[in-house]
Amino acid sequence: MFLILFGPPGAGKGTQGELLATHLGIPKISTGDLIRAAVRDATPLGREVKHYYDQGMLVPDAVILGLIAEVLDRPEAREGVLMDGFPRTIPQAEAVDRLLAERGRAVDRVVSFVVPEDELVQRLTGRAAEQGRSDDTPEAIRKRLQVYREQTAPLESFYRSRGILVEIAATGDIAEIGRRTLEVLGR
Ligand code: AMP
């Protein structure tokens with residue numbers, strides 16, 4: 001199963017992704033985690049993208065597509081992957097289609113986590129205090145929500161028109177949101 005977790009920053013894609021990936025027995029790929037690891041280790045790629053990351057901007061599509069192509073070629077990704085935080089732009093979505101088609105696969109479902117914006121800001125601000133992510137400053141949080149609205153939200157109609165988008169009300173109890181998601185997926 002090739003599954004995309006979709007939603008704004010702070011919607012709980014990471015948390016729900018862990019639960020889902022375990023339940024479904026497929027690997028979770030988080031492009032945000034891959035970017036954070038590269039920035040932390042100051043790899044050449046990490047140094048190239050650090051300023052985008054710190055300001056809450058998207059890193060260039062070409063960088064992300066290189067990472068994804070590499071992950072899709074891993075043996076453990078052959079039967080399915082749960083994509084968290086990817087795709088985030090229309091060109092990225094078109095590229096996923098291409099990369100999967102080349103492997104005889106296609107996106108099966110897109111799970112969209114819906115959370116009101118004032119709760120997102122609260123969650124992201126709370127996480128900033130707990131985890132100290134360098135992109136959880138108030139300016140970067142504002143920027144990430146703006147980038148989401150402008151560049152990522154259009155993907156919703158892209159997938160809705162294809163009939164593969166399902167919406168989950170992602171507020172309240174974490175385990176309950178997980179159960180709702182599995183139910184919608186028929187698992
Ligand atoms: P996340 O942890 O998914 O919220 O991602 C954190 C940051 O990593 C984003 O603000 C971007 O700078 C970068 N990033 C993660 N995924 C992508 C993506 N698919 N396209 C572009 N930038 C990304």
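Predicted model: local features only at pLDDT ≥ 70, side-chain atom pairs only at ≥ 80, totals over all residues.
Q: How are helix 2 and helix 4 oriented to each other?
A: Helix 2 spans residues 31–40 and helix 4 spans residues 61–72, and their axes are 11 Å apart. The two helices pack at an angle of about 110°. Angles of 65 to 115 degrees count as roughly perpendicular. Helix 2 and helix 4 are therefore roughly perpendicular to each other.

Q: Which residues of helix 4 make the contact with helix 2?
A: On the side of helix 2, the contact is made by Thr-31, Leu-34 and Ile-35. Their counterparts on helix 4 are Ile-64, Leu-67, Ile-68 and Val-71.

Q: How many nonpolar residues does the contact of helix 2 with helix 4 have?
A: Sorted by class, this contact has no charged residues and one polar residue. The nonpolar residues in the contact of helix 2 with helix 4 number six.

Q: Which residues come nearest to the ligand?
A: There are 14 residues around the ligand. Those that come nearest are Thr-31, Arg-36, Met-57, Arg-88 and Gln-92.

Q: Which residue has a polar side-chain atom 2.9 Å from a nitrogen atom of the ligand?
A: Met-57 places a backbone N or O atom 2.6 Å from an oxygen atom of the ligand. Arg-88 has a polar side-chain atom 3.0 Å from an oxygen atom of the ligand. The residue with a polar side-chain atom 2.9 Å from a ligand nitrogen atom is Gln-92.

Q: What percentage of the accessible area of the ligand does the protein cover?
A: On its own, the ligand has 480 Å² of accessible area.

Q: Is the peptide bond from Phe-86 to Pro-87 cis or trans?
A: Pro-87 is placed in the loop between strand 3 (81–84) and helix 5 (90–102). The bond from Phe-86 to Pro-87 has omega near -5°, and its form is cis.

Q: What is the value of phi at Ala-42?
A: Ala-42 lies in the loop between helix 2 and helix 3 (44–55). Its phi is positive, in a residue other than glycine, and is near 50°.

Conventions. Residues numbered from 1 in each chain as written. Heavy atoms only, no water. Axes fitted to C-alpha atoms, helices over the stretch in contact; angles between N-to-C directions. Helix = DSSP H or I, 4+ residues; strand = E, 2+ residues; numbered from the N terminus. Parallel < 35°, antiparallel > 145°, perpendicular 65-115°, else oblique. Contact = heavy atoms within 4.5 Å. Nonpolar A, V, L, I, M, F, W, Y, C, P; charged D, E, K, R; others polar. Near = heavy atom within 4 Å. Polar contact = N/O pair within 3.5 Å; in protein donor to acceptor, adjacent residues only side chain to side chain. Areas by Shrake-Rupley, 256 points an atom, 1.4 Å probe, with all protein chains shown as cover.
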